[in-house]
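Subject: Structure for your files

Hello,

Here is the structure you were going to look at, with the sequence. My notes on it follow below.

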Amino acid sequence: MGFFTSGYLVIPTNIATSSRNGNGLLTVQSPAGGVRSFSSEPVCRESMNYDVVIVGAGPAGLSAAIRLKQLCKEKDVDLSVCVVEKGAEVGAHILSGNVFEPRALNELLPQWKQEEAPIHVPVSSDKFWLLSKTHAFSLPCPFDNEGNYVISLSQLVRWLGLKAEELGVEIYPGFAASEILYDTSNKVIGIATNDMGVAKDGSRKHNFQPGVELKGRITLLGEGCRGSLSEKVIRKYNLREKGQGQHQTYALGIKEVWEISADKHEPGSVLHTIGWPLDHKTYGGSFLYHMKDRQVAVGFVVALNYHNPFLNPYEEYQKFKHHPAIRPLLEGGTVLQYGARTLNEGGYQSIPYPVFPGGAIIGCSAGFLNVPKIKGSHTAMKSGMLAAESAFSMLHEGSPLEFFWDNLRSSWIWKELHGARNYRPAFEYGLFPGLALSALEHYITKGRSPWTLKHGKPDHESIEEAQQCPPINYPKPDGVVSFDIPTSLYRSNTNHDHDQPAHLHLKDPKIPELVNLPVYAGPESRYCPARVYEYVPDESGQLKLQINAQNCLHCKACDIKDPKQNIEWTVPEGGGGPGYTIM
C-alpha cells in the first residue's frame, strides 16, 4: 500500500484517487465521493496595516478604540484603528453579572443617557444573605451600589461598538486572533486570524479562506479573562514577574437570565448570597439582579481554587436554585439564556506589567476586577482608555508606551484595587475567618491595612487527590428550576462547525487516562459547565477522554483548572462559540 504525504496528512493510495494542479494543490477524492484539497504550499495571507490593532470587542477594547478616535478628533490627527472580535457579532461572547458602575463611561461618553445607552434600571435595593440549607440570614451589606445600574453587558458592548464605528473604528466580528506576529527583534507587530474552512483532518474545504494578518504600530490585547494570546505574551516577556509577581487566581461564573411573573419582579433589586450549597472551605456565592422587562439575572460563582475534585460548579448552581428562599422567585418563570465565563480574582497582587514591546494588555486580560465590589467592567474600560491615551501619545508625540504603566498606577483603578487587595485572600482561611477579616478591612481599616495578604496555591495545584475527598452526590434536575447541561447549552446559542480542527489541545494525550482519571477522578468532566470533557468506554471497556469541542462556551475553566496544565485552549474558527444577547 502506497501513501501520499501532503501538508497535514498521510493519505493511503488504496482508498483515494488524486490529482495535483499547477499551483501545488492536491485534490483527493475518496471512494465515498467526498473531495478534499491538501497543499504543501504555504498559505498566502492578506496583510492589512493599521496604526492600532485591538484584539477583543469587549468593554476594554472598545473603550480604547473610542478614546483613540476621540483624541484624533481633538488633535486633528488621523490614526487608523481596527478591532478584531472572535464572536459572530459584537457582544456575542460577553457575559457578566452585571451591576454596572458608570464611572468610566461618564468619563468616556458623558452624554450616554441622551445617546440612549442600554442602561435603564438603577439599583433600588441591596441585600446580602448568608445561606444555610434551609434559611437565609441577612448580613450587613458591604456593597455600595447607590448610583449603579442593573444592565446586560452584552447589550452595552453592542452599543459601544456602534459608537466606535461612528467615530471611524473598523470592527471585524467573526475573526479569531490566533497568532501574535513578531519582527526580527521580537517586537509585536500585530496579529493573524486563523484560517477558515479547514476540516478536522487538516484538509481545506470548499469554503477555505486563509487567515488575515492585521499589522499595527501598536497592538492592544483585550481578550478578557485568561486571553490565549495575552497569556502567551505574559509568559514570553515575563510580565507577571515584572509587575506584582503573584500568580492570577480565578473563579467560574455560571449565569441564567430568567423571565419571571410581574408580581415577583422588583426592577433594580440586587441580592448577593454566600454559604450553602458550598462548603466552608470553598469561596463563592450567588447573585440575583432584577433587570427590566420582568427579567432576572441569576448567577453562581465558584472560586477555582476549590479542593474536592468531585465538586461540580454547574451542579452546585442547580442545587442553589432549590433553596427555599430562592426557588419561589423562579417557579413559574422561564429561562431565556444560559452561559458561563471565568473571572479574575487575583486583583492588585496579580496585575502583570501591562506593556510589552509593541503593545499592551488591557481589561480582564490583565485582571482589574474588584472582588469585593464584584465589578470589573468600569476598571476594564478605564484601563482601555488609559492605554489609548498612552498609545496616542506614542504615535503622535513620540512618548514611550511605558507611560501606560505610570498612568495606570496614578489612576483611580490603582487606588481602588489597592484598597480591595486583602478581601479575596482573606478567604483562604475559610468562610467565617474570611468574613471576619473582610469586615475588619471594610469597616475598620477601610483598605488601609499595613499588610498585603498573599494568595494561596495556583488554582490547578489546589485540587486534592480523589481518595482524600468525599464524593458529592447531586440531585437530578427537576426541569422546573434546575436543568441538565444539554438543555442549558441549547439556551446559550452555542454553535461551532463540527468539521474543524479541535481548538482544545492535550499537550500529552496520555495524561487524562494515566493521571487525571485514576488520581483525581476525572475532574474535567465536572468543572466544565458545557460537558466538553467526558470519559467514555472504548471497545475494550477502558474509559477514555472524549472532547466535545463543539459544546465549548469559551469560559476557559479547563485552561485554568486542569491539574497538570495539560489542556491548551486556542481559538476555534471565528464566529463559533456562544451567541449571547442579554447576558
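I start with a helix pair: Pro59, Leu62 and Ile66 in H1 meet Leu153, Val157, Leu160, Gly161, Lys163 and Ala164 in H3, where contact means heavy atoms within 4.5 Å. By type, the residues of this contact are 7 nonpolar, 1 polar and 1 charged (Ala, Val, Leu, Ile, Met, Phe, Trp, Tyr, Cys and Pro count as nonpolar, Asp, Glu, Lys and Arg as charged, and the others, Gly among them, as polar).

Before going on, note that this is a predicted model, in which local features need pLDDT of at least 70, side-chain atom pairs count only at pLDDT 80 or more, and totals for chains, interfaces and linings use all residues. Residues are numbered from 1 along each chain as its sequence is written, and side-chain values use heavy atoms, with hydrogens and water left out.

Helices (H or I, at least four residues) and strands (E, at least two) are DSSP runs, numbered from the N terminus. The axes of H1 and H3 (residues 153-166) are 9 Å apart, at an angle of about 20°; axes are lines fitted to C-alpha atoms, for helices over the stretch in contact, and angles run from 0 to 180 degrees between N-to-C directions. H1 is therefore roughly parallel to H3 (angles under 35 degrees count as roughly parallel, over 145 as roughly antiparallel, 65 to 115 as roughly perpendicular and the rest as oblique).

H1 (residues 59-75) also packs on H8, with axes that come within 7 Å and cross at roughly 40°. That makes this pair oblique. Among the H1 residues that meet H8 are Ala64, Leu68 and Leu71, and the H8 side includes Met381, Met385 and Phe392. This contact divides into 12 nonpolar, 4 polar and 3 charged residues.

The largest nonpolar core has 81 residues, of which Ile54, Leu105, Ile119, Leu160, Ile191 and Leu220 touch the most other members. A nonpolar core is a set of buried Ala, Val, Leu, Ile, Met, Phe, Trp, Tyr and Cys residues joined through side-chain atoms within 4.5 Å; buried means under 20% relative accessible area, exposed over 50%, partly exposed in between (1.4 Å probe, protein chains only). H8 (residues 377-397) gives the most to this core, with 9 residues. Apart from it lies another core, of 70 residues, including Ile326 and Ala549.

Lastly, Ala360 lies in strand S25 (residues 359-361) and counts as buried because its relative accessibility is 0%.

Regards
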